[in-house]
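Please walk me through how the two chains of this complex meet.

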There are 2 protein chains.
Amino acid sequence: MTGSTIFKEATARGHEVTAFARNRQKAVDLLNTQNIIEADVFDITREQLLQFDVVIDALNTPRGQGIGYLHIDMAAHLIHLLRETDTPRIFFIVGAASLYAPDGEQFIEKFKREQGHEEWIDTPQSQVDELQFIQNVQNVNWVAVSPSMNYHPGEKTNYTRNDEGQIIFNQDHQSVLSSGNMAAAIVDEIEQPKIKRGRFTIGDAD
Amino acid sequence: MTGSTIFKEATARGHEVTAFARNRQKAVDLLNTQNIIEADVFDITREQLLQFDVVIDALNTPRGQGIGYLHIDMAAHLIHLLRETDTPRIFFIVGAASLYAPDGEQFIEKFKREQGHEEWIDTPQSQVDELQFIQNVQNVNWVAVSPSMNYHPGEKTNYTRNDEGQIIFNQDHQSVLSSGNMAAAIVDEIEQPKIKRGRFTIGDAD
């Protein structure tokens, strides 16, 4: 959802966008483009990445399958490929569990107190670990992005952002973000960079 | 130093040992063996590792060259190759900076208050980050090993170990370990496993 929505938003603004996909035909059908590089992420090379101004890691793993670790492994592979570079700038979508609640606690800690969390904690925990991994990296030009808690398909309207890792609530005290606003905020950040080696979060504006 | 000493200790005890090396001839000369797989670590495959009972990552990067991140990237690559396995067991040598002082503070924090630390902090900081990365991994059979602060070439004598991450001091309040004792302790742990997904440290016994 995130990758394809960003692809379409950036293309609509006139950027030249290339998708990395494991299956070319599926990507062609989804994105309506021939700008596809067919590759498994772990086979991507430094040379392939260096031709771009911006790279976006929009991996999302299905919950409950125990493969959340791919978030970490994929980030580590991409970071390794880009060590000691400033271009491309690389964006990682890291989930909402690493956001901080108004009481100062990271949401992952709250999640771990919920009954039955063992069945679904793998993906959010892996994304928290991914962010921790990325935050230690000083020689790659990275940005991390957290959506709001309720992140759903939807149109671009207006968004608000927070660069301190604090969760964004709307007037109804809901943490909500549409994919259209996610894509708009990321492409805005690409066009007018405001953050370097930091994380921001996005929420639908009231 | 660590890799070759472990190689010799394990071979002397009758184990069949294979070295991964970027340069076969250098490894042949150093280790006096033909059991060499010539490979850059980032080209090592899952299939190559799965033939072994134990894998040891004994990377050491030279200080002050800004390539300490290779500790993290190499660990991440090896972890990725071994996801969802229990064999081989993999050992990571992670340095002493992540050990805890008697006052409860991790030594890396003390290091960061030393004048001029910017020139040499890269390697110990990277090894601290490496350990943090490894400690999040739940689906690989890993062990992390910290030497003492003064880790030097020397014979096997007697050693002591601590499994709680506390630095080991001798009677003269020195934190000292010979390479011979490091190798002995690691091969002992291989032969009689006492720890799983944990870290231990080793010091010369008085």
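Start at the interface of chain B and chain A, where ten residue pairs are in polar contact, both residues at pLDDT 80 or more. A polar contact is a pair of N or O atoms within 3.5 Å; within protein, one must be able to donate a hydrogen and the other to accept it, and residues adjacent in sequence count only if both atoms are side-chain atoms. Two helices of chain B, H4 (69-81) and H6 (122-135), each supply at least two residues of the side that touches chain A. H4(B) gives the most, with six residues. Helices here are DSSP runs (H or I, at least four residues), numbered from the N terminus. The side of chain B that touches chain A has seven nonpolar, five polar and four charged residues. Gly counts as polar; Asp, Glu, Lys and Arg count as charged; Ala, Val, Leu, Ile, Met, Phe, Trp, Tyr, Cys and Pro count as nonpolar.

This is a predicted model: local features need pLDDT of at least 70, side-chain atom pairs count only at pLDDT 80 or more, and totals for chains, interfaces and linings use all residues. Residues are numbered from 1 along each chain as its sequence is written, chains are lettered from A and ligands numbered from 1 in the order in which they are written, and side-chain values use heavy atoms, leaving out hydrogens and water.

Now look for charge. The interface of chain B and chain A holds two salt bridges, each a side-chain nitrogen of Lys or Arg within 4 Å of a carboxyl oxygen of Asp or Glu. Asp73(B) and Arg83(A) form a salt bridge through their side chains, at 2.7 Å, N to O.
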